[in-house]
Each structure stands twice: as structure tokens, then as C-alpha cells.
Amino acid sequence: MDHFEVFGLPRRLGIDTAELQRKFYELSRRGHPDFHQAAPPERQAEILEASARLNAAYRALRDPLARIEYLVRLEEGRDTREGATVKPKAPPELLEEMFEIQEALQEAKSAGQSVGLDAGAKRTLSAQRDRLRARYEQEEARLRGPLSQAWDAAGPADRAGALTAFKEALAVRAYLRTVIDDIDEALGESEEGHVSHRRH
Amino acid sequence: MSRIVGIDLGTTNSLVAYVDDKTGLPRVIPDRDGQVLLPSIVSFTPEGVLVGAAAKRRLVRRPESTVYSVKRLMGRGYDDVKDELGYLPFKVQPADGIVKIQIGDRDVTPPEVSAIVLKSLKERAEAHFGEPIEKAVVTVPAYFNDSQRQATKDAGRIAGLDVVRIVNEPTAASLAYGLQRIKEGLIAVYDLGGGTFDISILRVKDGILEVLATNGNTHLGGDDFDRAIVLALLADIRTKHGADLGRDLEAMQELRLAAEAAKIRLSADERTALTIPFDGFTYHRAITRAEVEALIGRLVESTLAPCRMALADAGLAAADIDEVVLVGGSTRVPLVRRRVQELFGKTPHSQLNPDEVVALGAAVQAQILAGGITDMLLLDVTPLSLGIETLGGIVSVLIPRNTTIPTSAREMFTTSVDGQHVVDMHVVQGERELAKDCRSLARFELSGIDPMPAGMPKIEVVFLIDANGILSVTATELRSGKAAAIEVKPTYGLSEADVERMVEDSFTNAEADVEARLLIETRNEADTVITHVERALAQGRRLVGDDEHAAIVAALTALKDARNTTDRDRIREATTATNQTTEHLAELMMDAALKGALASRRADEIMEK
């Protein structure tokens, strides 16, 4: 049973999250292990498994971007693990700029943490980061908006194309995330050190 | 279904509660003397084991055999705790992944000590209901990892309790508040106890309490406040009296208890006085709330970063929170309240007694499990990301932190060499990228794989975190469909055989005669009075006349004689008599100490001018 089926939903991205939450609470009330403590052990094991499946399904579907990542995995038959679905790829129109940023970051690294960046370099990097953040948000908006709508409207023949579009956009988003985190780190602004990389 | 009680197994105090069938409301169960809080202290004597208030009275005189704050050692390895061992008067040693406490020639593990506390609460509940109690819901800090949770479950088993559910303390508190029909909306529970700190963000709607995110520090609490005060007092004593008490275990315990008491008084008062008689001198000083706030400011500050992280993980801003609830004795500290109020921009709730609210919530969860409450449901999360170590020591996350539990993840494994029949996995918990920086949970060995070329076997491993936040692992070889054998080697914790043995020991050893135990407690009380009176006579002789002095000496001699008999009533009467005879002397000494403190303060003021 896939995550859409758990909620009795078709494999579509347009989901009313308030309705999803209502349904999640309703299914939890019915199937949570807390309410079945008197059941025989085999039945309890089934209930536990079903409850774990429901929680995983809700987690994957409640957020529009996690939903897309899950859909890509599902369509490709890789229904195993959360996390990386695509190899990060630089946005083609920004290739030249990316090259410069990576170079600046390399320099900052080799200059050593003790010296730190000078004020000018800091300003340049932070301006570049803000541009990349805007681009990142733009990519997410595209994924949530037009690309998701394209998938939902696609007939069987157009699905492969819609899927490829998702993967490209996700690859760009992953790339931007890494560079933004690297700049944050170089500027000494990364929140709580290593944690930001791992946010889901 | 048989009765299930709720237990708050705290760093400083523990208590037991149940839901009253008639009113549907949770209630705490007091002991014979009407006390609700059982100090989480265990003292080992040649005659037997003492727990609670009786053990607390031995903190100063038997520091090396009286164990307190053991919760900080639960499920931990020696390296985790070695930095703070210098502050503990009892001896803690590494032992095969866990730590052991050495009492004379006897070793005990932290779960065994906790089991003694749990057993006392179990007996209290049994006396209350007049029937055996075998099941309990036990609370733990939300930020406890798998090993710490497992250690708590082990403690229950050793105490003869089936721990049917481990519940997170802040969420338990929200259940207690939930029952009182708190408004629906987004709730932040700030829980600062004796040794641990948790923050949990919840959404409450239609009777469902859904935890959105949790964060915390399992090594931060009121104990650390006391320690900061003690360090300042030690320095002050060195300056004023030229005495270094840092290595004197008894003196350190006196200081710790005095610091704790002063901290508590300063929650209500702006200033207070400390008077501690030591061998050779009496230390007294006035201390203000502002001074203590300066000492603990940094510690209070360090609770705010986890609050911000939890908010970020929940995708919320501080202003989105509708209600803030305070839990844990340390939230009585005014500075803590101020900081929390500033962070969330609203006055926090604390209508329910912060010492009792967690146990009350545990009782509510117990009632849910027993089928007595059907319109409330708690959906909690796992506090830490769960992952496996991959090539190069990098962690691959399988279950991210703040995932609703129960939850599971599947992962495929295969072999890298032809004919390989064993695959190893290293499971870790934490937020860092390298396995060595995370908490090692266990090593799993999948064996019995049929010989095949490299990469051919397909082993599906399922990692399941149950509603207790505890991990279990199963594996299947997909080609044959047969379950692969898994051997688990927990990095920290007791083996199944250890626990079995401890369960047996607790039945054979700890069933000490109740009468014998009561006699020890009575004798200990007498010993405490004898020590205090002897010290008072030495230091306050000139304060009383000859007649009064003679009366005190007579009472003391009678008490010493009585103490060596086995007549409990006689010892108790002699103790009471001695207390009464010395009341006047105690008052005089307190007056003198206060005058002394005031005089020295005036001298300070003159110096400043």
C-alpha cells in the first residue's frame, strides 16, 4: 500500500492539507496502538505496523515538496527511504556565477577560519547568497505550482515528461541548498553548525 | 484490564498517580505520612537499603553510600558523564558500556538504583489500593535517547513492574492540562526539572495532542543551578575562612543542600541568609536573588536555543504559539519565567503544580491505555534522527527527528564480496553528519546469508520505532523470503541476561523485613539529632545557662542509650524529647548567626564607602 492509498487518495499532488490532517486524526483515532492494548499479540503487531505506515504517509504527504519527492521515488519504484532522490545539478543559467562563488568559497576555506573573510568578500558573498535564496524559493514555487499542476493534468502519455521536469527542478533545488549552506558556513551564520544540512 | 498507574521518575523527586474512576480526574498518591514527593535518593546501609526521605537524611553523613540524581547516569557510558563525576560523592566506574556505582564492596547499576525508587512507589500504590500493582506508565525526558529509554524500562522490570508505556514528560504534562480542557491551538511546553530540560511544541485539536517538534538537553536542570551556587560559596569560604572544603564530601553535601534551599527561598524572596555550621567555624552570608541570577544566567540562557530549534522544526515563529505551559520544579525560578515570557511574548501557564503535573499526565496516559479514556490521543515524536553508518563514517538518516511515532523505515542491504554470509550494521542516533559524533545505539549482525555472488542477496531491514520511542530491527532475505538472523549488540545498556539476574536479585535481597527497615530509619533520625546537638553544644555553650546545659546533656545521654536498643518507640520518644530540650538553644544560635551576618555586611558596606 503506498502513501496515497493509505489515505484513499489518487496519485495526485493537489491535496487539501486541512482535509488531510482531519483524515489523519480520524484514522489515528481508529488505529492507534493506544486503543488496542487488549488485542492479542499478533493483532497488536499488525496495528503497530499499520500505525507506523499511517504516520509515514502523513509525513510524506502533508508538505507539498516532500509529496513531490515521494511521488518521484514511487514512480521510479524506489519506495524505500526518505532523503536524496536526485543528484544535485547547477541551474544552467547560473553556471558562470556558480563557478565564481565556488572559487570564492575555496579561497575563504584556504585562508583559514582564524583569519576570516574581509568585509568586502563578506558583502559580496552575502549578496550572492541572497540572490541564490530568491532563486531557491522560485524553484520551490515552480515545483509546488505549475509543475504539480502539470502532473495532475497529464494523461498517461505525458507523465514521463512531467516526472523529468520534477527531477530537474529537484536537482537544481538540491544544488542551491548545498551552496547556500556552504556560504552560510563560510560567513559563520549557519544555525547550530551541522544541523542545517540535515533539515528535511 | 488490570490497573495501570502513572509514575514520574524524576531526577530529584518521584511520584505515583492514578485516575479516579468516579471523577475521571488524575490524583497523586501520598505515602503514610501524607508526603506526595518521594526524594529519588537511595542509601545503602549494612542493615539494608533506604529510599526517599530516610535516605535523604543520610546524604550528609553517609555521602559515599547515598546515591542521588541517578537519572543523569541512566543509559549513559563513562565518557558521557566523567566530567561531572567530580561533583558526585559516590564512586562511579566504567563497566562494559555502562557505568556502575560502587558502594563498599558492592556494585550497582543506575537501573537497579532507579528500580529501588520505583519499587517504593509500587508499594505505596499497593498500600493505597489494597491490591497488587504490576503495570505502570513511566515518564522520561522527551530528549532521552534509545539507551536512556531502554534503561528506564529495565529499571521497571527489576522493580517488578511491566512498563506498558514510556511517555515523554512535557507531553505527559500537556495531557494533564488537556484533561482540564486547555484551549485548542498551538502549545509550547517548557519543562525544566532537576537534571533535564525539554521543550515540546504541540497542536491540540479535537482531543488529539500532536507533538510537532521537540528539543532539549538531558544534562541541564536545577542540579546545575545548585552547582553554580556551590562553586561561588566555596570560593567565598576560601576567602573568608581560609578553608578549602572542595574535597570534604560531607561539607560539600551540606553546601549543596544549603544552596538548593537558598535557591528555593529566593524564588519568593529578594534576599536570604545562609547559615552552615562546619567543623571549627560557622559560615554565614546573605545572598540576593540578583546574585544567584548572575550565577545561573548562562544556564537559563542555554535553554533558549533548543526552544528556537524546536520552533524552526515545527515551521513556526514564537508569535504563533497560543499558550505556554511551565513544567518542572526549576520553572519556579523567576529568571526562568522571565526568559520564557520574553521569548514567547506571553505569560506562561502554571496553574497545575509543576512538581505533580507530569505524574498526573502519566496517569491520564495509563487510563487511555487501560481503555478508560477514549476521546484523547497523544501523538508523540522521536526526538533524535535515527541513521546507519555508511562508507567513510557518514550517517545516512533513515528516520528524521520529530517524526511521529510509531514509525518505520526500510533499507536494502547486500553483500560486497562473493560468498559473504554476514553483513554488519551500525545504528546511531543524533543530528551530526559523522557517525562518530552521534550516539551509537547498537551494532547489528545479519547472518546466515546463503553464499551468492557479491551484490546478489537482497536483505530488507525494517527499523521500527514503537510508541515508547524504542527501536527494534527485523530483516528478511527477499529472494528466499526467510527472516535473517540478527544479533544485537547494544552499545550502552544491560544485556537481557543482566536484567534477568537483577530481577531475581531484587526478589531475594530487597524483601527486607519491614520492621528492620523502620528501625534503621528511626535510628538514623536519632543519629542526625545526636550529631547536630553535639555540634551545637560545642559551638553554643556560652549562649545557655548551666541548668539548661545540664538538661541538654541529660537528654542527649538518654537518647544515646535508647539509640542502641531495638525499641523503636523508645528511640522515637527520646529523639523528640532531645529536640524539645534543644529548641531554645537552636533559636539562640540562629539569632547569633544572623547578627553575625548583619555585622559582617555592615563591615562590608563601610569598607565600600
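This is a predicted model: local features need pLDDT of at least 70, side-chain atom pairs count only at pLDDT 80 or more; totals for chains, interfaces and linings use all residues.
Chain B as a whole comes first. Its secondary structure comes to 15 helices and 30 strands, these being DSSP runs numbered from the N terminus (helices H or I, at least four residues; strands E, at least two). The radius of gyration of chain B is 27 Å, close to the 25 Å given by the globule rule for 609 residues, so the chain is as compact as a globular protein of that length. That radius is taken over C-alpha atoms, and the rule is 2.2 Å times the number of residues to the power 0.38. Along its principal axes the C-alpha trace spans about 95 × 55 × 55 Å. Of the 609 residues, 48% count as buried; buried stands for 20 or more other C-beta atoms within 10 Å of the residue's own, exposed for 12 or fewer, and partly exposed for anything in between, with C-beta atoms placed from the backbone. Residues 24 or more positions apart supply 69% of the contacts in chain B that have a separation of 6 or more, a contact being two residues whose C-beta atoms, placed from the backbone, lie within 7 Å.

The opening pair sits in an open sheet of 5 strands with mixed pairing, in the order β18-β13-β14-β15-β19 of chain B. Two strands pair if DSSP finds at least two bridges between them. β18 (323-327) and β19 (377-379) of chain B stand at the edges with a single partner strand each, so one side of each has no neighbour in the sheet. The twist averages 25° from one strand to the next; axes are lines fitted to C-alpha atoms, for helices over the stretch in contact, and angles run from 0 to 180 degrees between N-to-C directions. Within this sheet, β13 (residues 185-192) and β14 (residues 197-205) of chain B are antiparallel, with 8 bridges. Helix α9 (residues 304-313) of chain B lies across β14 and β15 (208-217) of chain B, at about 140° to β15(B).

Another open sheet of chain B has 4 strands, antiparallel, in the order β24-β27-β28-β29. Its edges are β24 (407-413) and β29 (482-483) of chain B, each with a single partner strand, so one side of each is left without a neighbour in the sheet. β24(B) pairs with β27 (residues 459-465) of chain B over 7 bridges in the antiparallel sense, and B:S408 has B:L464 in β27(B) as its bridge partner. Helix α3 (residues 41-62) of chain A packs on this sheet, touching β24 and β27 of chain B, and its direction makes about 90° with that of β24(B).

Strand β21 (residues 386-389) of chain B is joined to β22(B) by 4 bridges, the two running antiparallel, and B:E389 stands opposite B:V395 in β22(B). Their hairpin has 5 residues between the strands, among them B:G392 with a positive phi near 80°. In β22 (residues 395-399) of chain B, 4 of the 5 residues are buried. Most residues other than glycine have a negative phi, and most peptide bonds are trans. B:N402 is not a glycine, yet has a positive phi of about 65°; this residue lies in the loop between β22 and β23 of chain B and is buried, with 21 other C-beta atoms within 10 Å. A cis peptide bond, omega about 0°, joins B:I405 and B:P406, and B:P406 lies in the loop between β23 (403-404) and β24 of chain B.

Helix α14 (residues 546-563) of chain B has buried residues B:I552, B:A555, B:L556, B:L559 and B:A562. They cover an arc of only 125° around the axis, which puts them on the same side of α14(B); the arc is that of the directions from the helix axis to the C-beta atoms. The face turned away from this buried side carries the exposed residues B:D546, B:D547, B:A550, B:T557 and B:D561.

Methods. Residues are numbered from 1 along each chain as its sequence is written. Chains are lettered from A and ligands numbered from 1 in the order in which they are written.
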